[in-house]
Structures are given as structure tokens and as C-alpha cells.
Amino acid sequence: ASASDVCGAFSNIFPPTSSFGRRSNLSNIAAAGFAPLPRTIAITTLSGKGGPSDDENEAPEWALPPFISERIGLADPLEIRLDATLASCYVLCRFLIFDVTTGRKDSPGWEFHDVLMLLETFSSAILLSALWTCAGLATRNFEEGSGLNLAKVTATALVAAPLWLLLELYSGWPPAGVEHANGVNVETIVATGSVGLCSIMILGRVLTSGWR
């Protein structure tokens with residue numbers, strides 16, 4: 001084809017426009033036998049919104065480190081519940097023994113100080129349950145099949161007990177806080193409390209082995 005034929009073909013597809021009317025380029029392309037652009041593509045191109053999608057622009061979701069996620073996934077919820085219950089009962093019994101051995105009160109009945117000490121004891125029980133759970137996840141104490149693995153129980157007690165007793169002591173919660181205020185040194189409080197907790201948790205694991 002000659003140059004004049006090519007120019008004639010282009011002039012048929014894209015005719016010159018006038019001030020009285022304009023023909024759409026897409027209509028001219030369709031008239032020449034070409035398929036028009038899809039509507040979605042044309043809208044995206046014309047609007048300039050062809051960038052990344054909203055999902056790509058979203059910030060990645062927060063996730064736990066793989067080490068913690070793995071330990072949580074392997075832990076048995078029943079083991080966690082049983083140990084947390086036993087640890088809380090130990091705290092409450094410890095406070096009961098402390099309250100009985102402190103002697104008679106000057107005035108019978110409940111006072112504001114008694115209610116405050118009871119609330120502090122509940123706080124200590126919650127604290128110990130949380131620390132025991134975190135330490136147990138680290139020592140694999142709650143994994144299925146642990147059973148009577150007393151080494152893991154002892155390791156969990158060695159991690160959780162000193163932290164719990166120090167926080168109880170410096171928070172002023174009974175009995176550790178009261179004993180420290182009465183002159184008992186920190187080492188004695190931590191040592192006796194850790195041995196007591198470890199002994200109760202081992203005994204509880206032995207007695208409840210049939211429940212697991």
C-alpha cells in the first residue's frame with residue numbers, strides 16, 4: 001500500500017473534529033472493526049487508580065513471635081487450667097494460715113483493712129497464675145504427655161515463685177509484704193515461699209495425674 005492509502009485509512013478512523021460536534025475515538029475504533037476497551041480497564045486508566053489494591057496497602061497484622069506461638073499451640077488448655085487453679089488455691093490457703101496465726105483481733109468483725117487485705121490476696125493469686133502460666137509455657141510444662149514430669153514442674157516453680165514473691169513483697173501484699181515489714185528478710189521469704197509452692201504443685205500433679 002502507498003503512503004496515501006495509509007493516510008486515508010487513518011483519516012477514516014480519526015476524522016478531523018469541528019466546533020459543532022466530535023465523534024468518540026472509541027466509536028471510530030469500533031466502526032473500523034476494532035473491539036473497544038473493556039469498561040473496567042477504561043475507567044481504571046482514565047481515573048488513574050490503577051495502583052496497588054487496598055489489601056496491599058494495609059499494614060501487616062501484628063503477630064506473636066514464632067517461639068511463643070509454637071509453645072502456645074503445643075500447650076494443653078486443661079493442664080493450664082488445673083495448674084492455675086491449684087496455684088490460686090495455694091495463695092488463698094497461705095493467706096488463711098497467715099491470718100489464723102497472727103493472733104486475735106482487737107475488735108471482732110470485718111473492717112476496711114480486712115477487705116483490703118483480701119483483695120490484695122486475690123491480686124496475688126491472679127499474679128501467680130499468670131506467672132506460672134508464662135513460665136510453664138517456657139519450660140514446656142503444659143505440653144500433652146508431660147504427665148508426672150516433675151522436673152518441668154520444679155523448673156517452672158524456680159522461675160515463677162521468686163518473681164511472684166518479690167512482687168508480692170514490694171507491693172505490700174500479705175503475707176510476704178507484712179512479714180517483710182515485721183523484719184523478716186527477703187531471702188527467707190523467697191526461699192520458704194518457693195519451696196512451699198514447688199511442693200504443693202508437685203503434690204497436686206501427683207494427685208491429679210488420673211484427671212489428665
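Residues are numbered from 1 along each chain as its sequence is written. In this predicted model, local features need pLDDT of at least 70, side-chain atom pairs count only at pLDDT 80 or more, and totals for chains, interfaces and linings use all residues, while side-chain values use heavy atoms, without hydrogens and water.

**Confidence**

The protein chain has an average pLDDT (the predictor's confidence in each residue, from 0 to 100) of 78, and 69% of the residues score at least 70. Helices here are DSSP runs (H or I, at least four residues), numbered from the N terminus. Over residues 29-52 the pLDDT stays under 50, and the model has 6 contacts beyond four places in sequence for this stretch. A contact means heavy atoms within 4.5 Å.

Two packed helices are described by the angle between their axes and the distance between the axes. Axes are lines fitted to C-alpha atoms, for helices over the stretch in contact, and angles run from 0 to 180 degrees between N-to-C directions.

| Pair | Axes come within | Crossing angle |
|---|---|---|
| α7 and α8 | 8 Å | roughly 145° |
| α8 (residues 150-171) and α10 (residues 186-207) | 8 Å | roughly 140° |

α8 and α10 are therefore oblique to each other; angles under 35 degrees count as roughly parallel, over 145 as roughly antiparallel, 65 to 115 as roughly perpendicular and the rest as oblique. α8 passes α10 in a right-handed crossing, meaning that the near helix is turned clockwise from the far one by less than a right angle. By class, the contact of α8 with α10 has 17 nonpolar, 3 polar and 1 charged residues. Ala, Val, Leu, Ile, Met, Phe, Trp, Tyr, Cys and Pro count as nonpolar, Asp, Glu, Lys and Arg as charged, and the others, Gly among them, as polar. The α8 side includes W164 and Y170, and the α10 side includes M201 and R205.

α7 also passes α8 in a right-handed crossing. Their contact has 13 nonpolar, 4 polar and 2 charged residues. Among the residues that meet are L128 and W132 in α7, and K152 and E168 in α8.

**Loops on either side of α8**

R140 lies in the loop between α7 (112-139) and α8. R140 has a positive phi of about 60° although it is not a glycine. At 28% relative accessibility, R140 counts as partly exposed, the class between buried (under 20% relative accessible area) and exposed (over 50%), with a 1.4 Å probe and protein chains only.

P175 is placed in the loop between α8 and α9 (176-181). A cis peptide bond, with omega about -5°, joins P174 and P175.

Definitions and conventions:
Helix = DSSP H or I, 4+ residues; strand = E, 2+ residues; numbered from the N terminus.
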